Amino acid sequence: MAVIELSDFAPRLRHNWRVRYVRVLQLFWSTAIAAEAEYRANFLLAAVNSLGNLAGSLFGLFLFYRADYTFAGWRWEEALVVLGIFTVFQGFSATFLSPNLNRIVQQVQQGTLDFVLLKPISSQFWLSARTVSPWGLPDLLFGMLLIFYAGAQLGIQSLDYLLAAVPLACGFAILYSLWFMLGATSIWFVKIYNVTEVLNGLLEAGRYPMVAYPVAYRFFFTFVIPVAFLTTIPAEALLGRGEIGWLFAAGALAAGLLVASGLFWRFALRYYTSASS
């Protein structure tokens, strides 16, 4: 009689687990987009708003460079790369983070978090990916167009874009982890909107290269609030002058914060008082 080892089922179980989460994600996003598509005029308004914000950012950057002033080691086109990456992160936040993680407060207040915890999938996954907002897509599009425009002026090659995708992905993970851990604090502090606004205000520093700030601010935006890992370090990698040490640091920070966000969420749930209890 053939002996069937439990390990023989492990690859199949892992595959089924991935397929289930992918299908759930497709269901989530298709439903959310279908609901938002009922208000198509909002997309036009969002595009106009994004274009206006980008124009304001470009004007602010132009004020620095109009009199032959440059940030140390950063030409105009190179500074545009940083601004483009910053705009992409704005779009990422508006599309994926804000519509999901800001609702954690509502889930706690109304007691509907109970239903999330009873579902046969990760509660962190459900809270992080339940919906998506297409109104952040204009920022994503305009940011990428600005990056490609500046890249064409600088002669950036396709391989450079591929290399820059690694620290950029790390930046997405870092930003998500910070947002989620702030959202998780709603278990104790229901009104955290002011905290998220403070975080957004600090992240605004990423629209300029870090050399634009005094040394003390650079330290703060690198080692306390890791803004530099979101924009400046990916931009340097794209420009072909990124240091390998910073790239490894970005990967380690992203991995560490992702793990920390999961651990912090499980810790927070110990203090969650169910609406039915």
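View 1. Once its neighbours within four places in sequence are left aside, Phe264 is in contact with Met181, Ala184, Thr185 and Trp188. The model shown here and in the following views is a predicted one. Phe264 itself lies in helix H12, which spans residues 244–269.

**View 2. Packing of helix H3 against helix H8.** Helix H3, formed by residues 76–101, packs against helix H8, formed by residues 158–184, at an angle of about 40° and with the two axes 11 Å apart. The crossing of this pair, H3 and H8, is right-handed. On the side of H3 the contact is made by Ile85, Val88, Phe89, Phe92, Ser93, Leu97, Ser98 and Leu101, and on the side of H8 by Leu168, Gly171, Phe172, Leu175, Tyr176, Trp179 and Phe180. Sorted by class, the residues in the contact of H3 with H8 comprise 12 nonpolar and three polar ones, with no charged residues.

**View 3. Packing of helix H2 against helix H7.** Helix H2 (residues 41–65) and helix H7 (residues 137–154) pack with their axes 8 Å apart and at an angle of about 40°. H2 and H7 are therefore oblique to each other, and their crossing is right-handed. The residues that make the contact are Phe43, Ala46, Ala47, Ser50, Leu51, Leu54 and Leu58 from H2, together with Leu137, Pro138, Asp139, Phe142 and Leu146 from H7. The contact of H2 with H7 contains 10 nonpolar residues, one polar residue and one charged residue.

View 4. Arg218 is placed in helix H10, which covers residues 215–224, and is partly exposed, with a relative accessible area of 34%. Apart from its neighbours within four places in sequence, Arg218 is in contact with Met210, Val211 and Tyr213. Between Arg218 and Ala252 there are 34 residues of separation in sequence, and their C-alpha atoms are 20 Å apart in space.

**View 5. Segments annotated as transmembrane regions.** The unreviewed UniProt entry places the feature "transmembrane region" at residues 43–67, 79–97, 132–150, 162–190, 210–233 and 245–268. Two of these annotated segments are described here. Over residues 245–268, by contrast, the chain is 100% helix and 0% strand, and the end C-alpha atoms are 33 Å apart.

**View 6. The whole protein, as context for the close-up views.** The protein contains 12 helices and zero strands, so that, in the order of its elements from the N terminus on, it reads α-α-α-α-α-α-α-α-α-α-α-α. Taken along the principal axes, the box filled by the C-alpha atoms of the protein is roughly 75 × 50 × 40 Å. Of the 277 residues in the protein, 43% are buried. Among contacts between residues at least 6 apart in sequence, 79% join residues that are at least 24 apart.

Terms used: Residues numbered from 1 in each chain as written. Predicted model: local features only at pLDDT ≥ 70, side-chain atom pairs only at ≥ 80, totals over all residues. Heavy atoms only, no water. Axes fitted to C-alpha atoms, helices over the stretch in contact; angles between N-to-C directions. Helix = DSSP H or I, 4+ residues; strand = E, 2+ residues; numbered from the N terminus. Parallel < 35°, antiparallel > 145°, perpendicular 65-115°, else oblique. Left-handed = near helix turned anticlockwise from the far one by under 90°. Contact = heavy atoms within 4.5 Å. Nonpolar A, V, L, I, M, F, W, Y, C, P; charged D, E, K, R; others polar. UniProt positions renumbered as here; feature names shortened; annotations may be inferred. Buried < 20%, exposed > 50% of the residue type's maximum accessible area, 1.4 Å probe, protein only.
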